[in-house]
Amino acid sequence: MASLLHMTAGLLCKYMICSGLTAASKGMDMIRILLIAAILITGFLFSSCGSVPLTGRKQILLVSDEEVFQAGLTQYKEYISSSTLSGNSSAAAVVKSVGRRMADATEKYLKANGLQSELSNFAWEFNLVKDSQVNAFCMPGGKIVVYEGVMFAYGQSMKKIPLKQIMSE
């Protein structure tokens, strides 16, 4: 989109400088050129519209889903390789168990609503990271990370942890 604006501005400047138009006609030509630029930009935005598969909501897609998934996977791999995974095997097992149930529910929902093609976008992974922050995050494609701080914020009884809610946020 930026290149479209630069190209339009360049053509406008070239046209205005190279032509021997009077100030009044230059003003009218400038309005025409700006109107054409606005139409081109609007056309570009409408051509990049898509809809969200789950909701049907319209959105502007400036980056393809493939690019988003690839960037998310790259960032996730970098994060995991630079982090220390938790040594608490029972807490990690809880994260993986809850995560697997969430993944199963998501897959069931997609299949029930005719969105099986979306399943190819997911390669589920659930990791517990050794970090005292009360935090969790997910990346496109089903990459979910929970910090140990979440587990310890709710005390030692892991049955009281609202992990489904934390992971689904």
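Let me start with a definition: buried means under 20% relative accessible area, exposed means over 50%, and partly exposed lies in between, using a 1.4 Å probe and protein chains only. Glu125, for instance, is partly exposed, at 33%. We will come back to Glu125.

First, the ground rules. This is a predicted model, where local features need pLDDT of at least 70, side-chain atom pairs count only at pLDDT 80 or more, and totals for chains, interfaces and linings use all residues. Residues are numbered from 1 along each chain as its sequence is written, and side-chain values use heavy atoms, with hydrogens and water left out.

Now the overall layout. The protein chain has 6 helices and 5 strands. Helices here are DSSP runs of H or I with at least four residues, strands are runs of E with at least two, and both are numbered from the N terminus. Along the sequence, the pattern reads α-α-β-β-α-α-β-β-β-α-α. There are 169 residues in the chain, and 25% of them are buried.

Next, contacts, meaning heavy atoms within 4.5 Å. Take the contacts with a separation of 6 or more: 45% of them come from residues 24 or more positions apart.

Let's look at helix H3, residues 65–82. H3 has 18 residues. From first C-alpha to last, H3 reaches 26 Å, close to the 26 Å expected at 1.5 Å a residue. That expected span is 1.5 Å times one less than the number of residues.

Which residues of H3 are buried? They are Gly72, Tyr76 and Ile80. Seen down the axis of H3, these buried residues fall within an arc of 60°, so they line one face of the helix. The arc is taken from the directions that run from the helix axis to the C-beta atoms. A quick reminder: an α-helix has 3.6 residues a turn, so residues three or four places apart point the same way.

What does the buried side pack against? The buried residues of H3 pack against S3, strand S4 (136–139) and S5. On the other side of H3, Glu66, Lys77, Ser81 and Ser82 are exposed.

Step into the loop between H3 and H4, and you find Ser83. Ser83 is buried, at 19% relative accessible area. Its side chain reaches the backbone oxygen of Tyr79 at 2.8 Å.

Now the charges. Side chains of opposite charge can pair when their charged atoms come close. A salt bridge is a side-chain nitrogen of Lys or Arg within 4 Å of a carboxyl oxygen of Asp or Glu. How many salt bridges does the structure hold? There are 3.

Lys143 and Glu125 form one of them, at 3.2 Å from N to O. Lys143 is in strand S5 (residues 143–147) and Glu125 is in strand S3 (residues 125–129), so the pair ties together parts 18 residues apart in sequence. Buried or exposed, where does Lys143 fall? Lys143 is buried, at 6%. Glu125, as promised, is partly exposed.

Salt bridges with shared partners also join Arg100, Asp104 and Glu107 into one network. Arg100 pairs with Asp104, with the closest N and O atoms 3.0 Å apart. These two are 4 residues apart in helix H4 (residues 89–112), which separates them by about one helical turn. Arg100 also meets Glu107, at 3.5 Å from N to O. Arg100 is partly exposed at 34%, Asp104 is partly exposed at 40%, and Glu107 is partly exposed at 22%.

Note on methods. A polar contact is a pair of N or O atoms within 3.5 Å; within protein, one must be able to donate a hydrogen and the other to accept it, and residues adjacent in sequence count only if both atoms are side-chain atoms.
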